[in-house]
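Here is a short report on the model shown below. Please keep the sequence and the structure at hand while reading.

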Amino acid sequence: MRVTRRFWAALALSGFLAALAAILERPLLLSGSVLIGAWILAAQYSFLAALERTTRTMSVTQSPASSSVRTDSSMAVTLAVTLAEPVPLHLGIEAGLPVATTGDSLHVAVTPETTSSEQTASVTWPVAGRQQFSAPRLTATDGLFVATFPTGDRPTVTVEPRGPRRIHVGEGGTRLASAAGEHTSAQHGSGIELAEIREYTPGDATRRIDWKATARLGTPHVREHETDTDQRTLLVVDHRSSLATGPPNETKLDYLRNVMLATARNAHDLTDPIGLLGIGDGGTTTYLEPATALDSYTTIRRELLELEPSSIDAQHSENAHLSRSNAAVMQSPHESPTLRTVRRSASDLDEFETASGSFGQILRPFYADQQPYRWRIREQPLFNSVRTALASNSEAVWMAVFTDDSNPTELRETVSLARQNGAAVTIFLAPTVLYDSQAAGDRERMRNQYLEFETLRRELAGMDRVRALEVGPRDRLSTILEAGRDGDRQ
């Protein structure tokens, strides 16, 4: 609590009267000084009582027009104050706008004769991320005393980065018809979605008979429905430096981010457990186990919105380095070493090194080339991070992988590893040709690069329990497809 100039003036008058009473020896003047002092004390008590009543009956709300907004966009924010009854104080409330926002200040005033007031201002949000308001600051005064303290709610606004608008997600230039993350159950039983109508067999419950189908087909038929099942979803998000390719706000990561958010939202709507595995140039950056709690979805959404392309972390790579001697004993990039495989590999290598016959000379180069390959694959961040995540998940998962086509070999081995561990995989691939500004002027070059990418995508999609989709700017893809049609006509 502070005092105003009026307080100091009253206090000075009281002191002056007391001094004058002493000098002139007039007790009546001293009585006036005492009365002023008593008035000040009574006013202080009255102010504190009114302040307590104000804070008890007052409601202060900060209401943004939406819970989310894009960067550099403006959004209305309303500051409202209501009182249950009038109070003998002048109130001023300043909104607690986030520091990163720009625009006019937002404040309201309430006089002793009023019980409510509100004000709306346009606020611009230039910084992406999760922005939380500060509590509004209330300033109350009766002319003698002033009190200032925070009060009211603290809403949060998610500022989404400006990204691509016309996004293509599909296969070979054909757009995806269903939403990312939709799934159906392979089990039949009680449920809502109709799976099939089949002929009645002994043992089927009579309540499952479809009488319309029975009347139409002449023999008893029953309805089979899909059983509702939860799909454990793991978002595998590659945000290495290669994902920074593309114009500002339209990079590979920007386009993939939109699909990530849609996939996460769909899993949340289906109440599927959802987790997140983030991978940078140095290895795993984020790992969240699949869970169904609202906090888990909120955390994953925030992580995806704040995701940026990483840079190569030399130290992390050095710590994660697998020595060549250890890698040489691996029979497969998916297989852990055992004493038997170590002995077999060492024995085979010695045999090839000492063999003088044609058989040994033919196989020695092939055998030697396999070891560096396995060693390199095990060192790749995507492969290594997925392997570690799968090892910690005892249940089967649906793995949504968001990456690009910059390392086809690592991608093939990663998908193969996931399949061996029972995971179903959907790969969302950002083709480099759709983001490469250098190739934009050469339609023939763009067409050839896209055909090379399409070969990779079809190869991955041809694997069991794997679906591969392309993600990129729709207009650039249309240009490439048009170039392909022109080339075919010629």
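The sections below cover salt bridges, nonpolar cores, a surface patch, a sheet and a few loop residues.

## Basis

This is a predicted model. Residue numbers start from 1 along the chain as its sequence is written.

## Salt bridges across the chain

The whole structure holds 14 salt bridges. One of them joins the side chains of Arg-467 and Glu-171, at 3.6 Å from N to O. Arg-467 belongs to strand β22 (residues 466-473) and Glu-171 to strand β13 (residues 167-171), so the bridge ties together parts that lie 296 residues apart in sequence. Both ends are partly exposed. Arg-467 has a relative accessible area of 34%. Glu-171 comes to 32%.

Glu-459 and Arg-412 meet through their side chains in a salt bridge of 2.8 Å, N to O. Glu-459 sits in helix α12 (residues 443-461) and Arg-412 in helix α11 (residues 408-420), so distant parts of the chain are linked, 47 residues apart. Glu-459 is partly exposed, with 37% relative accessible area. Arg-412 is partly exposed too, at 27%.

The side chains of Glu-454 and Arg-457 form a salt bridge of 2.7 Å, N to O. The two residues are three apart in helix α12, about one turn of the helix. Are they buried or exposed? Both Glu-454 and Arg-457 are buried.

## Nonpolar cores

The largest nonpolar core contains 60 residues. Those with the most contacts inside this core are Leu-235, Val-236, Leu-304, Met-399, Phe-402, Ile-427 and Phe-428. Which helix gives the most to this core? Helix α4 (residues 252-269) does, with eight residues.

Phe-402 shows the surroundings in detail. With neighbours within four places in sequence left aside, Phe-402 contacts Leu-235, Val-236, Val-237, Asp-238, Leu-256, Val-259, Met-260, Thr-263 and Phe-428. Another core lies apart from the largest one. This other core has 36 residues, including Ile-93, Leu-106, Leu-144 and Ala-147.

Val-3, Trp-8 and Leu-11 make up a nonpolar patch on the surface. Together they have about 280 Å² of accessible area. Leu-11 lies in helix α1 (residues 5-24). Its relative accessibility is 38%, so Leu-11 counts as partly exposed.

Thr-4 is placed in the loop between β1 (2-3) and α1. Is Thr-4 buried or exposed? Thr-4 has a relative accessible area of 16%, so it is buried. Which residues does Thr-4 contact, leaving aside neighbours within four places in sequence? They are Thr-141, Gly-143, Leu-144, Phe-145 and Val-146. Leu-144 is also one of the residues in the core of 36.

## A four-stranded open sheet

Four strands build an open sheet, in the order β2-β4-β8-β6. The pairing is antiparallel. β2 (58-64) and β6 (102-103) are the edge strands, each with a single partner, so one side of each has no neighbour in the sheet.

β2 pairs with strand β4 (residues 73-83) in the antiparallel sense, over seven bridges. Within these strands, Thr-61 stands opposite Ala-80 in β4.

## Two residues with positive phi

Asn-249 has a phi near 65°, a positive value in a residue other than glycine. Asn-249 is located in the loop between β17 (233-238) and α4. With 43% relative accessibility, Asn-249 counts as partly exposed.

Arg-465 has a phi near 60°, again positive in a residue other than glycine. Where is Arg-465 found? Arg-465 is in the loop between α12 and β22. It counts as partly exposed, at 38% relative accessibility.

How values were computed. Predicted model: local features only at pLDDT ≥ 70, side-chain atom pairs only at ≥ 80, totals over all residues. Heavy atoms only, no water. Salt bridge = Lys/Arg side-chain N within 4 Å of Asp/Glu carboxyl O. Buried < 20%, exposed > 50% of the residue type's maximum accessible area, 1.4 Å probe, protein only. Core = buried A, V, L, I, M, F, W, Y, C linked by side-chain atoms within 4.5 Å. Contact = heavy atoms within 4.5 Å. Patch = residues over 30% accessible without salt bridge, like charges linked within 9 Å, V, L, I, M, F, W, Y side chains within 5 Å. Areas by Shrake-Rupley, 256 points an atom, 1.4 Å probe, with all protein chains shown as cover. Pairing = 2+ DSSP bridges.
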